[in-house]
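The exercises below are meant to be worked through with the structure in view, and each task is followed by a solution in steps.

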Amino acid sequence: MLGELQGLLKRHAAGPLISTQIPELTLMRADAVSTCMVAAVYPPMVCIIAQGNKQVTVGNATLNYDAGDYLVTSVDLPVSGWVKSATPKRPYLALGLELDPKLLATILLELPKSRKETGLSRGIAVSPGSPELLEAFVRLVRLLDSPADIVPLAPLVVREIYYRLLTGEQATMLRQIALQ
């Protein structure tokens, strides 16, 4: 799945930050390592790296994530980050999907109540992406190749991504977004 995601992003991420026809989906590309930290405010979102790696700092916490990993932010956070590995032949490729708290809450209500909550999170975390999560993201990005399919199918794939996130390693953090 990671190889296919890389190929899709190489084709569709023609510049550093690309908005797509799927409103909440942004594609990212860097052909060189960052020479300085880039500061930004990340809204609640999930980011997946398909190729390369990145380091982000929030306050005193530093997180590294690599190809196949995903980063989740649950609240608007001031983040500094830099791409640590990228060349023109092997660019940094990633995507970001802004999270909709109402949709998260809707899906959360559909899940079994047996899950135990493990306390509060710090608002940002990195985890390895499961094959199921990566596959769902591949299907979402594939829709960019068939724009007529975006309106009917993208919401279904986004729902699946939310489900995978709400049942994955960062479920507690995502449940906090949904319960706000």
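**Exercise 1. The surface and the whole chain**

Solution. The model is predicted, so local features need pLDDT of at least 70 and side-chain atom pairs count only at pLDDT 80 or more, while totals for chains, interfaces and linings use all residues. Residues are numbered from 1 along each chain as its sequence is written, and side-chain values use heavy atoms, with hydrogens and water left out. The protein chain exposes about 8,900 Å², an accessible area computed by the Shrake-Rupley method with a 1.4 Å probe, and carbon and sulfur atoms supply 57% of it. As a next step, take the interior: 48% of the 180 residues count as buried, a term that stands for under 20% relative accessible area with a 1.4 Å probe and protein chains only.

**Exercise 2. A residue in a strand**

Determine where Ile124 is found and which residues it contacts beyond its neighbours in sequence.

Solution. Begin with the secondary structure, where helices (H or I, at least four residues) and strands (E, at least two) are DSSP runs numbered from the N terminus. Ile124 belongs to strand β10, which covers residues 124–128. Next, consider its accessibility: Ile124 counts as buried because its relative accessibility is 2%. Finally, list the contacts, meaning heavy atoms within 4.5 Å: with neighbours within four places in sequence left aside, Ile124 touches Val56, Val58, Leu63, Leu71, Val72, Thr73, Leu77, Val79 and Met173.

**Exercise 3. A helix and its surroundings**

Work out how many residues of helix α5 are buried, and which elements these residues pack against.

Solution. Helix α5 runs over residues 171–179, and seven of its nine residues are buried, so the helix is largely enclosed by the rest of the structure. The buried residues are Ala171, Thr172, Met173, Leu174, Arg175, Ile177 and Ala178. They pack against β7 (69–73), α2 (101–110), β10 and α4 (150–166).

**Exercise 4. The fold as a whole**

Count the helices and strands, and then state how far the C-alpha trace spans along its principal axes.

Solution. The secondary structure of the protein chain comes to five helices and 10 strands. Along the principal axes, the C-alpha trace spans about 50 × 45 × 25 Å.

Conventions
Buried < 20%, exposed > 50% of the residue type's maximum accessible area, 1.4 Å probe, protein only.
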